[in-house]
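Visitor: Can you put the model up and take me through a few contacts?
Guide: Here it is.

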Amino acid sequence: MMDIAIQVKDLKKSFKTTEVLMGVNFEVEKGCIFALLGSNGAGKTTIIKILTTLLKNDSGTAIVNGFDVASKPDCVRQSISLTGQFSAVDEILTGRENLIMIAKLRHLKSVRQIADDLLKRFGLTDAAERRVSTYSGGMRRKLDIAMSMIGNPQLIFLDEPTTGLDPEGRIEVWKMVKEFADNGTTVFLTTQNLEEAEQLADQIAILHQGRIIANGTLTELKKLFPPAKVEYVERQPSLEEIFLAIVGKKEEK
């Protein structure tokens, strides 16, 4: 029996008269990287907000690390970490001070040691005493993700973590995400960068018009794609082609 980190059943959410989630169902295995894909406004961030207790769902259930998000939000919060689309770092503080602050908020001991270890791991030691306002976008993102790793959460939510990063910064973040999973952390990732999902994800779900319309490994999703035309070399479809084909088929119906 596989261990499940997240179980979502018939999740619904509307804002006034607009239905955003219309009965979403999926499961995420512990220790895997799960990528949720979807166009802008598909409801990816709404799902993350519900799963991280920032937003109440209208109906359906969501279980995170064995806790119901509606009835046990505190237990959920203690076992997860969230990095949003925009870096939530304090620009007035230095890199080290940001990390120490979060470690203290999590009531951990040896906060300076924790900060030093993370600065080293994320390649920020040389910038540790600088105010974050002087950091580049890539450095802020690294610090933001480092802050979310404090306390070794069982499950980390990354909402479009590489938005606005240059290719070097993006590859750096990918490397970190793979490390998290290698160390047993479950990673829930939303992205519009299909190459990112292709590189990282063990499982990919496509959210379209409020529902999950495809869910599986990259190999499984490739089977939903029309067979490749035989050219000089048979070419494997990219995830972008699969995504557009699946979404296009649904829109035709």
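This is a predicted model: local features need pLDDT of at least 70, side-chain atom pairs count only at pLDDT 80 or more; totals for chains, interfaces and linings use all residues.

Visitor: How many salt bridges in the whole structure?
Guide: Eight, counting a side-chain nitrogen of Lys or Arg within 4 Å of a carboxyl oxygen of Asp or Glu.

Visitor: What does Lys 13 pair with?
Guide: Asp 58, with the closest N and O atoms 3.6 Å apart. Lys 13 is in strand β1 and Asp 58 in the loop between α1 and β4, so the pair ties together parts 45 residues apart in sequence. Helices (H or I, at least four residues) and strands (E, at least two) are DSSP runs, numbered from the N terminus.

Visitor: Is Lys 13 buried or exposed?
Guide: Buried, at a relative accessible area of 10%; Asp 58 is partly exposed, at 48%. Buried means under 20% relative accessible area, exposed over 50%, partly exposed in between (1.4 Å probe, protein chains only).

Visitor: Switching to α4, which residues are buried there?
Guide: Val 111, Ala 115, Leu 118 and Leu 119. Seen down the axis of α4, they fall within an arc of 105°, so they line one face of the helix. The arc is that of the directions from the helix axis to the C-beta atoms.

Visitor: And what do those pack against?
Guide: The buried residues of α4 pack against α3 and α5, contact being heavy atoms within 4.5 Å.

How values were computed: Residues are numbered from 1 along each chain as its sequence is written. Side-chain values use heavy atoms; hydrogens and water are left out.
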